[in-house]
Amino acid sequence: MITKMSAPCAASMKEAAQLINQGEVVAFPTETVYGLGADATNEEAVKKIFIAKGRPGDNPLIVHITSVDQIQTVIRGEMPVWAKKLADAYWPGPLTMIFDKGDRIPSCVTAGLDSVAVRIPSHKDARNLIDAAQKPIAAPSANLSGRPSPTTARHVFDDMNGRIPMIIDGGESDVGLESTVLDVRSLPVKVLRPGGITPKMIADIVGEVEVAGSVMRPLKEGETVLSPGMKYKHYAPEGSLVIVKGNQKKVAEAILNMYDATEGEKCILALEGNLKNYPGKNVFSLGKDPKEMAHRLFDALREMDARGVSAIFSEAVDAEGIGLAVMNRLGRAAAFHIVDAGE
Ligand code: TXA
Ligand code: MG
C-alpha cells in the first residue's frame, strides 16, 4: 500500500474523511500526539487499526468526538455531573474520560470492556476530520505498538509507511505526550494515565482526585490493571535507558561516572540549563523546563534510535504538574530503572 502524506487543505481533509467512511485508517495530528483513526462504529475498520499498529486486541482505544452533544452516541446513560464540570473546564483538550459504553460502539473498540474512553481534541485538523467524516473516530497513538508515540508526521511515516493509505501532516504536536486518562464513573475520579491535564487541575474542578499506583512504578506480579495499556512495555528506545534523580550536582556526577564507565554509542539527555555540566560529552537537550521536556521527549527517544545509541542516561524532573506525565513516560521507557544520586 502506498502511504500518502498530505498537508491539511480542504481537498485532503475531504479525501481523508472519505477514506474513514470507506472503512480505512488515516493518521491525523492532535494536540497531544498523532492518532491512527477509523470509524468507531465500524468493526472491520477498527480491526484494521489493531493490525496496522500490531496492537494486542486486549488494549482498548479512545473514541474522539468534537462536541459534548455527540457523546450520547458513544456512552450509556447521562454524563455524571462532575464529568460535565470537567468537560466544561478542559474539553476540547488533552483529557480523556472513561464512561459506561453505549451500544453503538462495537466491543473491539473497548477490547470487550463495558467502559469507553472518550476525548474531544482541540487540534483544528483533528476536529475538521471528525466533522467531515461525521463519525466518532476511534484512534490510538499512531506508532507501532511499543514504539514512542509520534509527535510529527515523519514519526508516523517511519512506523506506518505501507500500512495505511494516508497521513495528514499538521506539524509538531503541541503537548507531545498522550492525554490524561481519567475514570469518571464514580468519585473520587481516578487518573489512570497522567498527561497535560494535571491532578491539580482536576482537583481544582472536582475537589478530590486519586492517581493510580501503577503510574510511577512497574506493575506488581498479578496486579489487575485499570488501564490495559499500562501493562505493556512502552515508549522503549532500542538502547538501555537509566534515569538519575536527586540534587543537580550529584546527578551530574553520577551520570558522568556511568557515562565514562560505558562502552559503545552513548548519550546524555539533560535539561538545557544543565548541558554545561557535561563538557565534551555527547548530550541532547530536553528543553528548558518540564513542559518543553514533554514536548520533546518522544522525539528525543526516537532520535536516540536513529543515532544508534546503545546507552542513554537521562536527568529526572520532579514528578509534579506536567512532570508527573514526563516521569511516567520516561520511567516506563527505562522499565523504571531510576538511580537516586542523593540530595
Ligand atoms: O492523546 C491521546 O490520548 C492519543 C490521541 C491520539 O488522542 N491517543 C492515545 O491512545 O494515546 P492510546 O491507544 O495510545 O492510549 C489509550 C490509553 C491506553 O493506555 C488504554 O489502555 C487506555 O487509554 N484506555 C482506553 N480505553 C480504556 C477503558 N475503557 N478503560 C481503561 N483504559 C482505557
Ligand atoms: Mg499509545
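**Entry 1: a negative patch**

I looked up clusters of like charge and found a negative surface patch formed by Asp-318, Glu-320, Asp-340 and Glu-343. Patch members have over 30% relative accessible area and no salt bridge, and like charges are joined within 9 Å. I took Asp and Glu as negative and Lys and Arg as positive, leaving out His and the chain ends. The place of a charge is CG of Asp, CD of Glu, NZ of Lys or CZ of Arg. Accessible areas here come from the Shrake-Rupley method with a 1.4 Å probe, and for residues only the protein chains shown count as cover.

I then checked where Glu-343 sits, and found it in the segment after strand 16 (338-340). Helices (H or I, at least four residues) and strands (E, at least two) are DSSP runs, numbered from the N terminus. Glu-343 is exposed, at 72% relative accessible area. My cut-offs are under 20% for buried, over 50% for exposed, and partly exposed in between.

**Entry 2: notes on the model**

This is a predicted model, so I kept to its limits: local features need pLDDT of at least 70, side-chain atom pairs count only at pLDDT 80 or more, and totals for chains, interfaces and linings use all residues. Residues are numbered from 1 along each chain as its sequence is written, chains are lettered from A and ligands numbered from 1 in the order in which they are written, and side-chain values use heavy atoms, with hydrogens and water left out.

**Entry 3: overall build**

How many helices and strands does the protein have? I noted 9 helices and 16 strands. The radius of gyration is 20 Å, close to the 20 Å that the globule rule gives for 343 residues, so the protein is as compact as a globular protein of that length. The radius is taken over C-alpha atoms, and the rule is 2.2 Å times the number of residues to the power 0.38. Along the principal axes, the C-alpha atoms fill a box of roughly 55 × 50 × 35 Å. I also noted that 54% of the 343 residues count as buried.

**Entry 4: salt bridges**

Side chains of opposite charge can pair when their charged atoms come close. I used the cut-off of a side-chain nitrogen of Lys or Arg within 4 Å of a carboxyl oxygen of Asp or Glu, and the structure holds 21 salt bridges.

I opened a few of them. Asp-183 and Arg-185 meet at 2.8 Å, N to O. Is Asp-183 buried or exposed? Asp-183 counts as buried, at 17% relative accessibility, while Arg-185 is partly exposed at 38%.

Next I looked at Lys-190 and Glu-210, whose side chains form a salt bridge of 3.4 Å, N to O. Lys-190 lies in strand 10 (residues 189-193) and Glu-210 in strand 11 (residues 209-211), so the pair ties together parts that are 20 residues apart in sequence. Lys-190 is partly exposed at 24%, and Glu-210 is partly exposed at 32%.

Lys-281 and Asp-260 make another salt bridge, at 3.0 Å, N to O. Lys-281 is in the loop between strand 13 (266-270) and strand 14 (283-285), and Asp-260 is in helix 7 (residues 248-260), so this pair ties together parts that are 21 residues apart in sequence. Both ends are partly exposed: Lys-281 at 27% and Asp-260 at 49%.

I also found a network of salt bridges that links Arg-147, Asp-159, Arg-302 and Asp-305.

Which residues does a cis peptide bond join? One such bond joins Trp-91 and Pro-92, with omega about -5°. Pro-92 lies in the loop between helix 3 (81-90) and strand 5 (95-100). The bond from Leu-187 to Pro-188 is cis too, with omega near -10°, and Pro-188 is in the loop between strand 9 (180-183) and strand 10.

Ala-111, not a glycine, has a positive phi of about 55°. I placed Ala-111 in the loop between strand 5 and strand 6 (115-119), where it is partly exposed at 24%. Ala-335 has a positive phi near 50°. Ala-335 is in the loop between helix 9 (322-333) and strand 16, and is exposed at 62%.

**Entry 5: one distance**

Back at the segment after strand 16, I picked Gly-342, which is partly exposed at 21%. Gly-342 and Asp-183 are 159 residues apart in sequence and 35 Å apart in space, C-alpha to C-alpha.

Note on methods: Patches are made of residues with over 30% relative accessible area and no salt bridge: like charges are joined within 9 Å, nonpolar side chains (Val, Leu, Ile, Met, Phe, Trp, Tyr) within 5 Å. Buried means under 20% relative accessible area, exposed over 50%, partly exposed in between (1.4 Å probe, protein chains only).
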